[in-house]
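Hello,

Here is the structure for your set-up. My notes follow below it.

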Amino acid sequence: MAPLLELRNASTHYVSARGTRVVKAVDNVTLSLEAGETLGIVGESGSGKTTLALSILRLLPTAAVNAGGEMLFDGEDLLKKSPEEMRQIRGKKIAMILQDPMASLNPLFTIGDQVGEPLRVHESMPRKRAWARATALLKSVRITAPETRVREYPHQMSGGMRQRIVGAMGIACEPRLLIADEPTTSLDLTIQAQYLALLRDLQREHGLALIFITHNLGIVAKMCDRVAVMYAGRLVEFGPVRKIFDAPRHPYTRALLQSIPRFGDSRTKLTAIDGQPPDLSALPLGCAFHPRCPDAIDRCRAEAPPETGTNTGHTFRCWVAAS
Amino acid sequence: MTPLLEAADLTKHFPVKGGIFGRSRGAVRAVDGISFVVEKGKTLGVVGESGCGKTTTAKLVLGLEEPTAGVLRFEGADLTSLDKAGRRRYRRGIQAVFQDPYASLNPRMRVGDIIMEPLITHERLSGADIKKRLESLLDLVGLPSRAADLFPHEFSGGQRQRIAIARSLSLNPSLIVLDEPVSALDVSIRAQILNLLRELQSELGLSYLFIAHDLAAVAHMSHTIAVMYLGRIVELGDAATVANSSRHPYTRALFAAALPSHPDEKREEIVLAGEVPSPLNPPAGCHFHPRCPSVMERCRSEEPKVRTIDGIRVACHLYE
């Protein structure tokens, strides 16, 4: 069976107005996701993870250009769709949840209007039925007293409730894929636990595929089946979560996993990664991680490593690990 | 031995005014009678969700807010009894590092001036002394000495946080309040800063009041942990014990909500219902009772007293 989503050498570059400066925000990314699975995309700020998600939805700013590759969703290349066809896919087949729920809710419309909007747009549902459906959706994201809440406005909700409402909007048309961009960073811990449990239940009920964009490896450990590690616009490692947590092949993944404090290891020194993430407009030659890499060899400084392990389902880009 | 800092029944209420005459309509009980100590050379970690009063606690300790009631003792001396010179000494002794190094450094000042500003306000030093001190501070936090002539925008987030740490060290304080010092930084940078803070602690004998929402980081950094909920400390004690065998149902739920570090790490699943109530109108009895999985009848009306069990202070009716 073909995967639900398959990216083949997807690349998105930001080009300056005169075309003289090019930032390769997403470069040659190959990954796949089966229906009903959860994929975590991890990376630091500026590693290209949000650009990758926006590329899938084709919601990029005008300065961004698609620089080749394919993005197959259900076997069809999203990059070949017309703007009108994309509009029918967004919110209907692929939905997205953003980090800041207040920014994705319109303060002037009631919750019922906003949760029902995707249904009215995509399924031409009459207002009244959309409203009734919105009440049911609020109930499914465990908002208490949904009958009164549908008539209220976003400012009357707490942060956790807003995020759940945005989740309700996301699943309104029963999409096949839900992309969540840092969905819990603005939430408190116990509220985050509630929200993650809710997403997992929704996924089970609707057979939803999820993409989590996060910098938090804990969310990946808790929620995901596969993980894609991004560094400076490249996918440095991709594979099943357990394999990558147990035996990471790329030195960046390994360092990242070791740098996180764990319970029970107090008073031991953390393994820190020296230096800082590179500027995407002035990437070092060769492997972008080599200036910070403890294992770097001469080849890393001269040549970008190719993808290794494509037939095993666990890929990585590293000269040292490949040899 | 007297602890470095001691808080006894520390309370801060913010009056809420309303109506056309601006009459008082009650108070936000931001911090409601908390007691803790910070020992010399040790770290007290404070955890809790937004609105639990951890930032107000930090402000009280920094002297940025006056307590409504209760006592703060620094090196044994009651803060309210201090004269002007004593207050000044106190302020020198306690410094802060804030969350966002993009907001806490003046973009129009050179790094050297930023770091030395506290020292210049508090002491008269010759130019040569200033230069020497500046170099040793930069060296201490791992920045090159040429950094002094640059501006903050020329540095990355992690380096900026090093600058903020150097500034907090310039007056040789004995206590540093760290309010979410790594949460604005990139994941790969956090460990650098946490390691630096630990090195500085052992080298200079510093005490920390470490406030963060990343529980694993707090457990990693702290000797003791205080768990706050709606202005009260519900559990306080040895860091490893609080983290691994917590007693209070809220602490248990909080640490159960912490994310695992490995997919096979199974944590107790406790998903709390509801959200933190408003501190303007906290529930009667135990503040946690509307969300508590082991709530009893008396929790709804009677405020639990603090008990000490095996060195851990717990405020819960389950342990009476």
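Which residue stands opposite E235(B) in β12(B)? V314(B) does. Strands here are DSSP runs (E, at least two residues), and helices are DSSP runs too (H or I, at least four), numbered from the N terminus.

Before the rest, the ground rules. This is a predicted model: local features need pLDDT of at least 70, side-chain atom pairs count only at pLDDT 80 or more, and totals for chains, interfaces and linings use all residues. Residues are numbered from 1 along each chain as its sequence is written, while chains are lettered from A and ligands numbered from 1 in the order in which they are written.

**The sheet in chain B**

β10 (residues 232-238) and β12 (residues 312-315) of chain B run antiparallel, joined by two bridges. They belong to an open sheet of eight strands with mixed pairing, in the order β6-β7-β8-β3-β9-β10-β12-β11. Strands pair if DSSP finds at least two bridges between them. β6 (94-97) and β11 (306-309) of chain B are the edge strands. Neighbouring strands are turned by 20° against each other on average, direction ignored. Helix α9 (residues 249-257) of chain B packs on the sheet and touches β3, β9 and β10 of chain B. Its direction makes about 105° with that of β9(B). Axes are lines fitted to C-alpha atoms, for helices over the stretch in contact; angles run from 0 to 180 degrees between N-to-C directions.

**Chain A**

Chain A has 13 helices and 12 strands. The C-alpha trace spans about 65 × 50 × 40 Å along its principal axes. Buried residues (20 or more other C-beta atoms within 10 Å of their own, C-beta placed from the backbone) make up 46% of the 323 residues.

**Between the chains**

37 residues of chain A are in contact (C-beta atoms, placed from the backbone, within 7 Å) with 34 residues of chain B. On the chain A side, α8(A) gives the largest share, seven residues. In helix α11 (residues 251-258) of chain A, the buried residues are P251(A), Y252(A), T253(A), A255(A) and L256(A). Their cover includes α10 (241-246) of chain A and α6 (187-204) of chain B.

Best wishes

Methods:
A residue is buried if 20 or more other C-beta atoms lie within 10 Å of its own, exposed if 12 or fewer, and partly exposed in between; C-beta atoms are placed from the backbone. Two residues are in contact if their C-beta atoms, placed from the backbone, lie within 7 Å.
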